[in-house]
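Work through the exercises below with the sequence and the model side by side. Try each task before reading its solution.

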Amino acid sequence: GHLANSEFLTQKEAAWAISNLTINGSVQQVRYLISQNVIPPLCKMLVARDVQVIQVVLDGISNILKIAGDQLEEVVLAIQACGGLNHIEELQQNANETIFNLAYNILETYYGDAYDEAAGGQDGLNETDPATGGNLQTGDGNNESFTFGPKFGDMQFDF
């Protein structure tokens, strides 16, 4: 798929599209992304040298985790299995405060107890409000303005 195997500029556009869907899409649409195995190629983008791409991908992952519902454990494990957890941990060393905060909030919220033990319980870090740490927005409630999904049978997405 484009996110996993294309040139960087195409991967960047795919990451933006997925992140935008996690912000403006419905819960059903985000869960569809999860079912299409979007997590591994998103996590692969966390090693990009483009700060903006890393921020977009972290926002997307954070939003997917927030919306995952009963698929949360599946998403958490997928992030860990594909090496994404290591990348997110490494991003805490990033000089960009936004990236640091996004990475820290994901680790603290979804890998909390295990992460605290491994990190030696670093409680002196500044936490940000999850509502402002990411870009998750619920929209205006008009579900008719944006639709995502196959219109012609059982189309599958290859990320």
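**Exercise 1. Count the helices and strands of the protein, then give their pattern along the sequence.**

Solution. Start with the count: the secondary structure comes to 10 helices and 0 strands. Helices (H or I, at least four residues) and strands (E, at least two) are DSSP runs, numbered from the N terminus. Next, read along the sequence: the pattern is α-α-α-α-α-α-α-α-α-α. This is a predicted model, in which local features need pLDDT of at least 70 and side-chain atom pairs count only at pLDDT 80 or more, while totals for chains, interfaces and linings use all residues. Residues are numbered from 1 along each chain as its sequence is written, and side-chain values use heavy atoms, with hydrogens and water left out.

**Exercise 2. What percentage of the residues is buried, and what percentage of the contacts between residues at least 6 apart joins residues at least 24 apart?**

Solution. Take burial first. Buried residues make up 41% of the 159 residues. Buried means under 20% relative accessible area, exposed over 50%, partly exposed in between (1.4 Å probe, protein chains only). Now the contacts, meaning heavy atoms within 4.5 Å. Among those between residues at least 6 apart in sequence, 68% join residues at least 24 apart.

**Exercise 3. Describe how α2 packs on α5.**

Solution. Two packed helices are described by the angle between their axes and the distance between the axes. Axes are lines fitted to C-alpha atoms, for helices over the stretch in contact, and angles run from 0 to 180 degrees between N-to-C directions.

- Geometry: the axes of α2 (residues 8-24) and α5 (residues 51-67) come within 9 Å and cross at roughly 35°.
- Hand: α2 passes α5 in a left-handed crossing. A crossing is left-handed if the near helix is turned anticlockwise from the far one by less than a right angle, and right-handed if clockwise.
- Residues: α2 brings F8, K12, A15, W16, S19, T22 and I23, which meet Q52, V53, V56, V57, D59, G60, N63, I64 and I67 of α5.
- Ala, Val, Leu, Ile, Met, Phe, Trp, Tyr, Cys and Pro count as nonpolar, Asp, Glu, Lys and Arg as charged, and the others, Gly among them, as polar.

**Exercise 4. Is S19 buried or exposed, and which residues does S19 contact beyond its sequence neighbours?**

Solution. Locate S19 in helix α2. S19 is buried, with a relative accessible area of 4%. Leave aside neighbours within four places in sequence: S19 is in contact with V56, D59 and G60. A17 is partly exposed, at 48% relative accessible area. Its C-alpha atom is separated from that of G60 by 9.5 Å.

**Exercise 5. How are α5 and α6 arranged, and which residues make their contact?**

Solution. α5 and α6 (residues 72-81) pack at an angle of about 150°, with axes 8 Å apart. They are therefore roughly antiparallel to each other. The cut-offs: angles under 35 degrees count as roughly parallel, over 145 as roughly antiparallel, 65 to 115 as roughly perpendicular and the rest as oblique. The crossing is left-handed. I61, I64 and L65 of α5 and L72, V75, V76 and I79 of α6 make the contact. These divide into 7 nonpolar, no polar and no charged.

**Exercise 6. Which residues touch the most other members of the largest nonpolar core?**

Solution. A nonpolar core is a set of buried Ala, Val, Leu, Ile, Met, Phe, Trp, Tyr and Cys residues joined through side-chain atoms within 4.5 Å. The largest has 34 residues; L58, I61 and I79 touch the most other members. Elements giving two or more residues include α3 (27-35), α4 (39-44), α7 (84-90) and α8 (97-110). α5 gives the most, with 8 residues.

Beyond neighbours within four places, its contacts include I39, C43, I61 and L65. C43 lies in helix α4 and is buried, at 0% relative accessible area. The C-alpha atoms of C43 and I79 are 7.0 Å apart.
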